[in-house]
Amino acid sequence: MVPINAQNVTLAYNGRAVLENVSLEVREGQILALVGVNGAGKTTLLRALARLLTPRSGTVLIHGRDAARLSAREAARQIGLTPQQSGAMWPLTVEEVVALGRAAHRGWLLPLTARDRAVIERVLEQTDLLALRERAITTLSGGEKQRALIARALVQEPAILLLDEPTANLDLRYQDMILALAQRLAMEQGLAVVVSIHDLNLAARYAQRVALLAEKQVLAIGSPDEVFTEETLTRAYGAPIVVTRHPLYDAPLITPAARG
Amino acid sequence: MFRHRALALILLTLGLLLISSLLSLSLGAVAIPLSEVWKALFQPQDPALNRVSRAIVWDLRLARTLLALVIGVGLAVSGSAYQALFRNPLADPYIIGASGGAALGATMAITLEFSAVTAAAFTGSLLAVAAVYLIAQAGGHVSAVNLILAGAALSALLSAAVSLLMFFGDEDLIEVFAWLMGGLSGRSWPHLRTAAPLILVGALVLWSMARPLDALTFGEESAQALGLNLFWIRSALVTAATIATAAAVAAAGVIGFVGLLAPHMARRLVGASHAWQIPMSALLGGLLVVLADDLARTLLAPLELPVGALTALLGAPFFLWLLKRGEPWSQ
């Protein structure tokens with residue numbers, strides 16, 4: 001069964017359609033990047049994949065099961081969502097934040113078991129957070145905060161990891177670090193990863209597949225080389241765009257061209 | 001290490017609470033030495049014990065002190081819960097209109113000579129919280145400004161309704177007025193018997209939901225993605241917090257800012273996790289109201305000041321300071 005299979009999904013807010021008849025698939029061990037202009041529906045689509053938004057029509061299948069029919073707990077055992085880091089406003093410690101992810105397995109009332117503790121320990125190590133475990137999340141840097149939220153999703157032991165703009169507000173070094181972590185999780189643990197992202201060059205470098213959202217639909221989907229052509233990007237972004245080759249990596253390099 | 005420190009602080013606060021409660025049994029129009037208080041409590045049959053002292057401790061002061069304690073607990077734990085629910089550390093039951101709603105409900109019950117004052121307070125409080133929630137919630141999190149504006153507007157509306165009720169129901173004016181000012185004067189065992197079980201159940205329910213409260217501080221969607229059934233959890237939390245608020249308000253009127261001060265101090269002392277913050281808030285809330293009532297009885301004795309005025313004198317400047325400091329949630 002494919003981890004995520006969206007079929008003819010139409011998504012709307014207050015009766016206004018944001019995306020119409022979108023279909024896409026995400027496979028194990030693969031990173032799919034959702035790109036497009038502001039308001040193109042990247043976050044909306046991610047919310048639908050996370051079962052937080054019910055499609056007006058069409059279905060999102062999670063391992064072949066209709067996501068709308070999963071309970072919140074069942075969904076949380078299969079899908080880990082890393083929200084935008086601006087949501088972390090309460091000074092909980094990193095360990096307390098990460099432990100919240102275990103509720104998907106243990107429920108909200110029962111105490112954590114030794115196995116829960118072991119999972120938390122493993123994930124803290126994997127995300128390089130052991131030294132920060134007692135720190136309040138509000139005191140962390142952007143990159144550390146993002147890592148803590150990824151760790152929270154990972155202790156859910158999901159098959160699918162959804163990252164909502166994980167590189168927003170991060171400096172270059174952290175942007176790379178976060179996406180390298182996502183890549184490692186996809187390759188080593190076979191996670192299906194979906195990431196909404198603005199930076200096309202990061203998408204080109206880290207994602208195996210890219211879905212370009214524009215005009216209320218998936219304008220193009222495929223490998224970065226297939227999607228990131230001058231013609232498609234110029235159409236999607238309404239501005240002239242030049243595509244060359246990246247000097248270091250075997251990937252397209254996207255540059256907005258000056259007008260006139 | 002952190003946990004040991006939190007536990008030590010909780011025990012320390014518990015000790016302070018016990019001491020201040022004993023003090024409050026000894027203070028008042030007639031001062032009773034602490035040794036007499038102790039004897040009255042634990043050896044009431046001792047023939048050496050002054051009968052008047054025993055009567056004052058048992059019939060007048062003990063119920064009042066215990067009531068002050070549970071009211072503080074109720075306001076503090078519901079403050080903790082509202083703050084997580086609204087994702088805003090300014091969400092005191094008084095600020096968001098929960099107390100005002102309870103006051104209107106209770107005033108209606110008193111002026112209409114309807115006996116179920118607590119039930120009426122609960123209904124009023126629940127409606128007020130629901131209204132503020134709906135009005136203030138624009139987008140995922142409730143901004144401080146929206147919350148305070150919605151709370152202020154609703155509180156104005158509710159207090160106008162209370163004034164009108166008092167205007168037309170003039171016979172009960174004094175009773176309602178004394179009650180609204182927030183005071184424990186004349187409160188005794190029957191008030192305690194109604195308020196204590198409701199508040200303790202509310203506090204225990206909220207404490208048991210410490211982890212959902214932690215999750216909700218990230219916002220509702222984020223909590224849902226963690227596997228939280230938002231509808232049920234939010235309903236249970238609002239119900240428990242509102243029962244605790246309404247029982248406190250029905251027993252002693254509007255005592256503001258305890259639900260703001262206690263959770264804030266608790267977060268500073270034992271951290272933001274609700275598993276620790278809620279018990280610490282409860283103890284600090286109890287301590288605050290017991291101390292405020294001690295002051296209310298002794299500052300201008302034999303005159304009794306309204307407790308609500310004292311907590312507001314302490315709490316309102318603190319509220320302004322928090323607002324001015326401007327943290328991430330204030331945007």
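What follows is a run of questions about this predicted model, each with a reply.

Reply: Ground rules first: this is a predicted model, where local features need pLDDT of at least 70, side-chain atom pairs count only at pLDDT 80 or more, and totals for chains, interfaces and linings use all residues. Residues are numbered from 1 along each chain as its sequence is written, chains are lettered from A and ligands numbered from 1 in the order in which they are written, and side-chain values use heavy atoms, with hydrogens and water left out.

Me: How many helices and strands does chain B have, and what counts as one?

Reply: Chain B has 14 helices and 0 strands. Helices (H or I, at least four residues) and strands (E, at least two) are DSSP runs, numbered from the N terminus.

Me: What makes chain B as compact as a globular protein of its length?

Reply: Its radius of gyration, taken over C-alpha atoms, is set against the globule rule, 2.2 Å times the number of residues to the power 0.38. For the 331 residues of chain B the rule gives 20 Å and the model has 20 Å, so the chain is as compact as a globular protein of that length. The C-alpha trace of chain B spans about 65 × 60 × 35 Å along its principal axes.

Me: And what does chain A look like on those terms?

Reply: Chain A holds 10 helices and 12 strands. Its radius of gyration is 18 Å, close to the 18 Å from the rule for 260 residues, so chain A also is as compact as a globular protein of that length. Its C-alpha trace spans about 60 × 40 × 30 Å along the principal axes.

Me: Why is B:H264 called buried?

Reply: Buried means under 20% relative accessible area, exposed over 50%, and partly exposed in between (1.4 Å probe, protein chains only). B:H264 comes in at 10%, so it counts as buried. This residue sits in helix α12 (residues 258-270) of chain B.

Me: Which residues is B:H264 in contact with, leaving aside neighbours within four places in sequence?

Reply: B:F318, B:L322 and B:R325. Contact means heavy atoms within 4.5 Å.

Me: Which strands make up the open sheet in chain A, and what makes two of them a pair?

Reply: The order is β2-β1-β4-β5 in chain A, with antiparallel pairing. The edge strands are β2 (16-26) and β5 (65-66), each pairing on one side only. Two strands pair if DSSP finds at least two bridges between them. Strands β1 (residues 4-13) and β4 (residues 57-62) of chain A have 5 bridges, so they pass that test. Across this pair, A:Q7 stands opposite A:T59.

Me: How do you know how much area the two chains bury between them?

Reply: Buried area is the accessible area (1.4 Å probe) that two parts lose on being put together, summed over both. For chain B and chain A that comes to about 2500 Å², 64% of it on carbon and sulfur atoms. B:R211, B:F218 and B:L226 supply 31% of the area that chain B buries against chain A, more than any other three residues. By contact, 31 residues of chain B meet 30 residues of chain A.

Me: What share of each chain's residues counts as buried?

Reply: In chain B, 56% of the 331 residues count as buried. In chain A, 56% of the 260 residues do.
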